Structure formats: structure tokens, C-alpha cells
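Here is a briefing on one structure. Please look at the sequence and the fold before reading on.

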Amino acid sequence: VDPTDFRLWVCLHEETHRVQFTAVPWMRDHLFTEFASLAETVEPQRLLDDGLKRVSEALKGGHGSLLDLLGTPEQKAILDRVTAVMSLLEGHADVVMDGVGPGVIPSVGRIRRTFDERRKGVGTLDRLLRRLLGLEAKMAQYRDGARFVRAVVDKVGMSEFNAVWAAPENLPSRAEIDDADAWIARVLQG
């Protein structure tokens, strides 16, 4: 891809994050609180007791990330909330960076196609490592979040979508990331 276009495209994504956190003053504290809650639930002895066994099982079976293997039910609930917020933030940034169009970034379509192909991973070992390290889940945040944002905006418009930034209660749940209609019904029609 064209290096100048690519750098501008990535900068748009990162600038969108800066705007998200400056225009939504409660977002930083909200995420900090969630991460602190997660840290409070970590049980080092539990990780030592059965962590290696679970990692070994995952390598043999090829299922789940390290977080999936080591998380308690409480940790998984927190991770679900954090994953939903991160999916929203990453997906929204992806929609913004793609929305600038070829008038600003001439090769934006080609960049997106190439980038999406690279996000899939290359080869079995790459995909296994991505899954174990949680990178596969991170890539899903971009994809699923963008799908959520586009679905909401397509149905109700950007102005109504922006209700998501009004309060933590308006953030989508992990299930709502996959069901934009449920978020619309809860937040906009509730």
C-alpha cells in the first residue's frame, strides 16, 4: 500500500481514540475502574496451581486464549464488559478511518482490503499463537465493533448512535455488540 496513505489512515484511527477519550470525560475513569476490578480478582496461587496444566491442555486442543483458560467467572464477567467497550472503541475508530474516503486518502479501499487480509493471520502457527495470546480476540474487537457501529448508524443515524457516549449505562454489552437491535431497543427505545 501507499506508505503516506497508510500512515494517515492509521493516524486517523489513533486520533479517533484521542477524541473518544477527550470528548467522553467519564470513559477513562470507567475503563480504569474495570481494569482495577480485574486486578483485584487475580489469584496468583491459582495461576501457579493449575495455570500450566490449562495452558498445556489449550495447546493440545487448540482452544481459547490464555485469558479464557485462566479466568474465574468474576474475571470473565469483567472481561466481557471490557471487551464490549474495547470493541466499541476500536470498531468506531475503524468506521471513522474508513469513512474519510478516497478524497482524503486515495487508496483507502485498497488499504482496508489488505489490512483485513493481514488480520486473518498467515499459517497455522500464526493463528495458534494469535489465539493463545488473545490477539485473535483483539482482531475480533475491530471487526465486531465496526459491524455494531455500522449497524446502529445504518438503522438510526449517527446522531442517535452518539447516545452511546452519554453515560456508562449506554455502553453496549458484549452480547449487544453482536446484536445492535438489542442495544437500540435498550438504549434508544427503552
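Helices (H or I, at least four residues) and strands (E, at least two) are DSSP runs, numbered from the N terminus. By that rule, Phe6 is found in helix α1. The model is predicted: local features need pLDDT of at least 70, side-chain atom pairs count only at pLDDT 80 or more, and totals for chains, interfaces and linings use all residues. Residues are numbered from 1 along each chain as its sequence is written, and side-chain values use heavy atoms, with hydrogens and water left out.

**Overall fold**

- The protein chain has 11 helices and 0 strands.
- Along the sequence, the pattern reads α-α-α-α-α-α-α-α-α-α-α.
- Of its 190 residues, 38% count as buried. Buried means under 20% relative accessible area, exposed over 50%, and partly exposed in between (1.4 Å probe, protein chains only).
- Contact means heavy atoms within 4.5 Å. Among contacts with a separation of 6 or more, 73% join residues 24 or more positions apart.

**Nonpolar cores**

- A nonpolar core is a set of buried Ala, Val, Leu, Ile, Met, Phe, Trp, Tyr and Cys residues joined through side-chain atoms within 4.5 Å.
- In soluble globular proteins, nonpolar side chains tend to be buried together.
- The largest core here holds 27 residues. Met27, Leu88, Phe148, Phe161 and Trp165 have the most contacts inside it.
- Two or more residues of this core come from each of α2 (27-40), α5 (73-99), α8 (135-156) and α11 (180-188).
- The largest share, 9 residues, is given by α5.
- Another core, of 5 residues, lies apart from the largest one. Met97, Ile105, Val108 and Ile111 are among its members.
- Which residues does Phe148 touch, not counting those up to four places away in sequence? They are Leu88, Phe161, Pro172, Glu176, Ile177, Ala180 and Trp183.

- Two packed helices are described by the angle between their axes and the distance between the axes.
- Axes are lines fitted to C-alpha atoms, for helices over the stretch in contact, and angles run from 0 to 180 degrees between N-to-C directions.
- The axes of α1 (residues 3-23) and α5 come within 8 Å and cross at roughly 130°.
- Helices α1 and α5 are therefore oblique to each other. Angles under 35 degrees count as roughly parallel, over 145 as roughly antiparallel, 65 to 115 as roughly perpendicular and the rest as oblique.
- The crossing of α1 past α5 is right-handed. A crossing is left-handed if the near helix is turned anticlockwise from the far one by less than a right angle, and right-handed if clockwise.
- On the α1 side, the contact uses Trp9, Val10, Leu12, His13, Thr16, His17, Gln20 and Phe21. On the α5 side are Leu89, Glu90, His92, Ala93, Asp94, Val96, Met97 and Asp98.
- By class, this contact of α1 with α5 has 8 nonpolar, 5 polar and 3 charged residues. Ala, Val, Leu, Ile, Met, Phe, Trp, Tyr, Cys and Pro count as nonpolar, Asp, Glu, Lys and Arg as charged, and the others, Gly among them, as polar.

**Helix α2 against α5**

- The axes of α2 and α5 come within 9 Å, crossing at roughly 150°.
- That angle makes α2 roughly antiparallel to α5.
- Here α2 passes α5 in a left-handed crossing.
- Met27, His30, Leu31, Glu34, Phe35, Ser37 and Leu38 in α2 meet Gln75, Ile78, Leu79, Arg81, Val82, Val85, Met86 and Leu89 in α5.
- The contact of α2 with α5 divides into 10 nonpolar, 3 polar and 2 charged residues.

**Single residues**

- Phe6 is partly exposed at 28% relative accessibility. Beyond four places in sequence, Phe6 touches Val1, Ile111 and Phe115.
- Ser107 sits in the loop between α5 and α6 (108-119). Is Ser107 buried or exposed? Ser107 counts as buried because its relative accessibility is 15%. Leaving aside neighbours within four places in sequence, Ser107 contacts Asp2 and Asp5.
- Pro102 is also placed in the loop between α5 and α6. At 56% relative accessibility, Pro102 counts as exposed.
- Lys138 belongs to helix α8 and is partly exposed, with a relative accessible area of 23%. Lys138 touches Met86 and Glu90, not counting residues up to four places away in sequence.
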